[in-house]
Amino acid sequence: MLRAKLLFMALKSCFSGYRPIIMPVKSPCIGTCVLDPKSGHCMGCYRTGDEIGAWMSMSDGAKKRVIANAQKRKANSPAKSSQD
C-alpha cells in the first residue's frame, strides 16, 4: 500500500502542471435564428437547418467544414450588403 501511495505521489508531482488541451469548435450561432425560405440558410450564421440540427453530434473536422461553407454562403449572399 505504501508503494502505491509513493508511486501515486511521484506521478502526481510529474503531471501536476499538465492540462489536456481541449479546444472544441464553437458554434457560429449569433442568436439570429431565422431560416431564409428561399435558400434554406439561417440568416444569422448561414448554416442549413440540417447543419444546425446535426451540430452537436458532428466531429470537430465536420464542424470546421460547415463553418467554411457557411462563410462562403455569407460572402455570396445578396443580403450580406444590407446586413453589414
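**Exercise 1. State what share of the protein's contacts between residues at least 6 apart in sequence joins residues at least 24 apart, and describe the fold and its surface.**

Solution. Among contacts in the protein between residues at least 6 apart in sequence, 38% join residues at least 24 apart, where a contact means heavy atoms within 4.5 Å. The structure is a predicted model, in which local features need pLDDT of at least 70 and side-chain atom pairs count only at pLDDT 80 or more, while totals for chains, interfaces and linings use all residues. Residues are numbered from 1 along each chain as its sequence is written, and side-chain values use heavy atoms, with hydrogens and water left out.

Turning to secondary structure, the protein has four helices and zero strands, and along the sequence the pattern reads α-α-α-α; helices (H or I, at least four residues) and strands (E, at least two) are DSSP runs, numbered from the N terminus.

**Exercise 2. Identify which side chains meet in a salt bridge, and explain what the pair ties together.**

Solution. The structure holds one salt bridge, defined as a side-chain nitrogen of Lys or Arg within 4 Å of a carboxyl oxygen of Asp or Glu. Its partners are Arg73 and Glu51, whose side chains meet at 2.9 Å, N to O. Because Arg73 lies in helix 3 (residues 60-76) and Glu51 in helix 2 (residues 49-54), the pair ties together parts that are 22 residues apart in sequence.

**Exercise 3. Work out the surroundings of Glu51: is this residue buried or exposed, and which residues is Glu51 in contact with, leaving aside neighbours within four places in sequence?**

Solution. Glu51 has a relative accessible area of 12% and is therefore buried; Arg73 is buried as well. Leaving aside neighbours within four places in sequence, Glu51 is in contact with Met58, Val66 and Arg73.

**Exercise 4. Find which residue lies over the face of Trp55, and at what distance from the ring centre.**

Solution. Arg47 lies over the face of Trp55, at 4.9 Å from the ring centre; the criterion is NZ of Lys or CZ of Arg within 6 Å of the ring centre and within 35 degrees of the ring normal.

Key
Buried < 20%, exposed > 50% of the residue type's maximum accessible area, 1.4 Å probe, protein only.
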